[in-house]
Each structure stands twice: as C-alpha cells, then as structure tokens.
Amino acid sequence: MRLVLACFATLLVLPYLLAACGSVVRKRQLGRVDNLNPRQQAAQLNSFGQRIYAAQQNAWEAIILFAGSLLIAQLAGLDFQLIQIPALLFLATRLVHPVVYVYGLATLRSLVMAVAWASCIYIVVQAFTLTI
C-alpha cells in the first residue's frame, strides 16, 4: 500500500510544480505574475505558456481519476499489492504528460493519457472482480 500512496502523494505535488513553472513563464513573457486574475493572464500567454497552464489544469483532473480508482479499490477491499504496477504506470504517464503537452506533441500526449486512463480502468476492474 505504501508504494501506491507514494504514487498518489507524488501526483498531488505535480500541479504545484507546474504552477511554479508557469509562474516563471508568465514573468518572462508578461513581465509579472497576476495573482489576482491568473486565468485572464494565462489567455495572454503565447502557446508555450498556455500549454503549461493547460498541463497544470489537466494534472488536477488526473488526480481525480486516480483518487476515484483508489477509492473504489479500497472500498472493495482490494489488496494494494495487486495494483502497484498500474499505479506506477499511471504515475509515469502523468510525469511524461506535461512534457509532451508543453512541447506540443499532441498525438503522443493522447497516447500517454490513454495509457494512464487504462491503468485506472485496470484498477477498477480488479476491484470489481474481487467483489463478484
């Protein structure tokens, strides 16, 4: 269980790291970070800056998917030893995702997200298989 929780904890830090990168880009491109109106400022960024912002938003969304999968696994009483590999795979894809997102590799980004999604589906299927 510890490894799966470590994956989850790492995922929780990722959006904040992306926010820090985004702040650096905002400062470089726009001269300052507008903390009062960050979404309006993000719209003023060039495509590179906008993709960093979008990758940060997507990282938050991915946490929800993974957390939901883990919750289902926990409620089903699934042994977390059985989902270490899919949890690590999900983490790996989520670490690669912002890189391919920022550099505009859309097809690879979609493939990476599909693998992450499949990892969560595997966890949920394992939980349902246990309860049948």
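A residue counts as buried when its relative accessible area is under 20%. Ile83, at 0% relative accessibility, therefore counts as buried. The structure is a predicted model. The protein has five helices and zero strands.

**Overall build**
- From the N terminus on, the order of elements is α-α-α-α-α.
- Along the principal axes, the C-alpha atoms of the protein fill a box of roughly 55 × 30 × 20 Å.
- The protein has 132 residues, and buried residues make up 36% of them.
- Take the contacts between residues at least 6 apart in sequence: 71% of these join residues at least 24 apart.

**Ile83 and its surroundings**
- Ile83 sits in the loop between α3 and α4.
- Setting aside residues up to four places away in sequence, Ile83 touches Val4, Leu70, Ala73, Leu78 and Ile123.
- Leu3 lies 80 residues from Ile83 along the chain, yet their C-alpha atoms are separated by 9.6 Å.

**Nonpolar cores**
- The largest nonpolar core holds 18 residues. Within this core, Phe66, Ile83 and Phe90 touch the most other members.
- Helices α1 (2–30), α3 (47–76), α4 and α5 are the elements that give two or more residues to this core.
- Helix α3 supplies the largest share of this core, five residues.
- In soluble globular proteins, nonpolar side chains tend to be buried together.

**α1 against α3**
- The axes of α1 and α3 come within 9 Å and cross at roughly 165°.
- Angles over 145 degrees count as roughly antiparallel, so α1 and α3 are roughly antiparallel to each other.
- The crossing of α1 and α3 is left-handed.
- By class, the contact of α1 with α3 has 21 nonpolar, four polar and one charged residues.

**α1 against α4**
- The axes of α1 and α4 come within 9 Å, crossing at roughly 10°.
- Angles under 35 degrees count as roughly parallel, so α1 and α4 are roughly parallel to each other.
- The crossing of α1 and α4 is left-handed.
- Helix α1 brings Leu3, Val4, Cys7, Thr10, Leu11, Leu14 and Leu18 to the contact. Helix α4 brings Gln84, Ala87, Leu88, Phe90, Leu91, Arg94, Leu95 and Pro98.
- By class, the contact of α1 with α4 has 12 nonpolar, two polar and one charged residues.

**α4 against α5**
- Helix α4 spans residues 84–102 and helix α5 spans residues 106–131. They pack at an angle of about 160°, with their axes 9 Å apart.
- That angle makes α4 roughly antiparallel to α5.
- The crossing of α4 and α5 is left-handed.
- On the α4 side, the contact residues are Pro86, Leu89, Phe90, Thr93, Arg94, Val96, His97, Val100 and Tyr101.
- On the α5 side, they are Leu108, Arg109, Val112, Met113, Val115, Ala116, Ser119, Cys120, Tyr122 and Ile123.
- By class, the contact of α4 with α5 has 14 nonpolar, three polar and two charged residues.

**Residues to find in the viewer**
- Phe90 of α4 meets α5, is listed in the contact of α1 with α4, and belongs to the largest nonpolar core.

Key. Residues are numbered from 1 along each chain as its sequence is written. This is a predicted model: local features need pLDDT of at least 70, side-chain atom pairs count only at pLDDT 80 or more; totals for chains, interfaces and linings use all residues. Side-chain values use heavy atoms; hydrogens and water are left out. Axes are lines fitted to C-alpha atoms, for helices over the stretch in contact, and angles run from 0 to 180 degrees between N-to-C directions. Helices (H or I, at least four residues) and strands (E, at least two) are DSSP runs, numbered from the N terminus. Angles under 35 degrees count as roughly parallel, over 145 as roughly antiparallel, 65 to 115 as roughly perpendicular and the rest as oblique. A crossing is left-handed if the near helix is turned anticlockwise from the far one by less than a right angle, and right-handed if clockwise. Contact means heavy atoms within 4.5 Å. Ala, Val, Leu, Ile, Met, Phe, Trp, Tyr, Cys and Pro count as nonpolar, Asp, Glu, Lys and Arg as charged, and the others, Gly among them, as polar. A nonpolar core is a set of buried Ala, Val, Leu, Ile, Met, Phe, Trp, Tyr and Cys residues joined through side-chain atoms within 4.5 Å. Buried means under 20% relative accessible area, exposed over 50%, partly exposed in between (1.4 Å probe, protein chains only).
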